[in-house]
Amino acid sequence: MGTAATNSQSTLRPRYIIEGGIPLKGSVKLSGAKNAVTKMMVASMLSDQQTKLRNAPSHVGDAMITQMVMETLGAKVTWTHESEVLLQTKTIINSSITPDLGRKNRLSILTAGPLLHRTGSALIPVPGGDRIGSRPIDYHISGLAQMGAEVEEYDRAYHLRAKRLKGATISMPFPSVGATETLLIAGALAKGVTIIQNAAIEPEIIDLIKFLQKMGAIIEQRVDRKIVIEGVDSLHGADHSILSDRMEAVSLAVAAYVTQGDVRLEGASQEHLLTFLNTLYRVGLEFTVEDNAIRFYTNRWPPQSIALETDVHPGFMTDWQQPFTVLLTQSAGMSVVHETLYDDRFGYTSELRQMGADIGLYTKCLGELSCRFRESEKKHSAIIRGPTPLHSATLEIPDIRAGCSYIIAALCAQGVSTAYGIEHIERGYEKLDEKLRNLGAHIEKAGSESEIPDDL
Ligand code: EPU
């Protein structure tokens, strides 16, 4: 009975069925950046006027979750086109986020700025589980407290109160993307000048600064990771086109290489992919940069091995690590990857090993960067020996980027693989299966509709 029940559950569960070994060929347009759209949606709540976001990925689950959160707070979110959304929050009707919604992604804390400025209060649940390592929000909370917010910590929630946030000089222990964004959004309307030292400067953050400037904010990016925000009394609506998704770009580029295909990515930005492109040269792979596209192809195979370390921008992104590791399973020789952003972001490699990859994990820092996990027992370095042919497998996707690496591995493998847990992919990538099919991949979705899972 157990087996029958399990079988019928597997038949119902949404999954991708992927036949590997087919070279991807053609041109595809990248979507707007998942990790920018959600932040701008929240930032629009700083004003009661209407904002328009273009090149916004409507089919990305994270945007849908953000929409749900915003609607409970009083925002009106209208998709006028597949990639265009109108946002307006005339009045904030509620300043608490429910734990159910708070668990679904890590965006709730960003609402602290708009809620505090417009209502004086924000009840924010602690974000949910950590499948890629420790992800606290202490920098966000400490920064808001330095800006004058009174903070009470309840069981799994923070209650913040402030009549008006005021400018402060905040030094972050590490250039956190999310905390920089929380403080940018909060600082835009604060009284006086907010200085963020050791700020993150990822392209999605610079795009958020551009968006806030269009709303009337005064924000300067100085040298040495310093951002200076001169608070203003009010902001207005804006019209902004979001930068393209550089994680999607890298994932599709690697899929092109491991299938020895030839793929042109429209909207791929050389400026935002500089480090990735340099790394491709180092392993001996080819690409051609056009005005608004990059073509990824190769006449030289296999690639060479490499030692690389993930780092904050402009370094090699932690979200590129998983697809790139799949590429390294096909490289000749021994490669080393040192993950310095998250302490537990190699769990996914067990499934790659099941497919034939030769990957060993180590607690030691196998690299030169000074890493926060040096003394920890966490396996945050990997040695990959290649090339190893990959074979098909049944895969269980644990999170967005790991999931995408499984799909890439399945496209590279001989045989037919099945990947479950595709809700994670749908949270982070817009119509990935459709885009891959347009490039000639044999990937089909089966089972019933997927639901948005709790936070990664
Ligand atoms: N950190 C703290 N305390 C904080 C905030 C961060 O200790 O209050 C630590 C984290 O534990 C981590 C490091 O700082 O070790 C960096 O975390 P960061 O805050 O920069 O990450 P994030 O804002 O939570 C965003 C992206 C991630 C991406 C990272 C790094 C979003 C929604 N998420 O996360 O993307 O990996 O920046 O670039 O923007 C994904 O899209 O799948 C994803 C995980």
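Hi everyone, let's start with helix α6: its buried residues pack against α5 (112–119), β7 (150–154), β8 (157–161), β9 (169–171) and α7 (177–188). Keep in mind throughout that this is a predicted model.

Which residues of α6 are the buried ones? The helix covers residues 138–146, and H140, I141, G143 and L144 are buried. Looking down the axis of α6, you find these buried residues within an arc of 165 degrees, so they line one face of the helix. As a reminder, an α-helix has 3.6 residues a turn, so residues three or four places apart point the same way. Just past the end of α6 comes G148, with a positive phi of about 100 degrees.

Helix α6 also takes us to the next topic, as one of the elements that give two or more residues to the lining of the largest pocket. That pocket has a volume of about 920 Å³. It is lined by 44 residues, and the closest to its centre are R106, R135, V177, G178 and Y342. Besides α6, the elements giving two or more residues are α2 (34–43), α7, α9 (246–258), α11 (318–329) and α13 (400–412). Which of these gives the largest share? That would be α7, with four residues.

You'll find H380 in the loop between β19 (358–362) and β20 (381–386). Is H380 buried or exposed? H380 is buried, and its relative accessible area is 0%. Setting aside residues up to four places away in sequence, H380 touches V337, H338, E339, D343, F346, Y362, T363, K364, C365, C371 and F373. With T363 there is also a polar contact: the side chain of H380 reaches the backbone oxygen of T363 at 3.4 Å.

My last stop is E430, in the loop between α14 (423–428) and α15 (432–438). E430 counts as buried too, at 13% relative accessibility, since the cut-off for buried is under 20%. What lies around E430? Apart from neighbours within four places in sequence, E430 contacts S31, P57, S58, H59, V60, E248 and K435. Take P57 from that list: P57 and E430 are 373 residues apart along the chain, yet their C-alpha atoms are separated by 6.5 Å. And for H59, the side chain of E430 reaches its backbone nitrogen at 2.8 Å.

Conventions: Residues numbered from 1 in each chain as written. Predicted model: local features only at pLDDT ≥ 70, side-chain atom pairs only at ≥ 80, totals over all residues. Heavy atoms only, no water. Buried < 20%, exposed > 50% of the residue type's maximum accessible area, 1.4 Å probe, protein only. Arc of directions from axis to C-beta. Contact = heavy atoms within 4.5 Å. Polar contact = N/O pair within 3.5 Å; in protein donor to acceptor, adjacent residues only side chain to side chain. 1 Å grid on protein atoms, 1.4 Å probe; cavity = no way out; pocket = protein on both sides within 12 Å on 5 of 7 lines; lining within 4 Å. Points joined across faces, edges and corners; volume = space filled by probe spheres on them.
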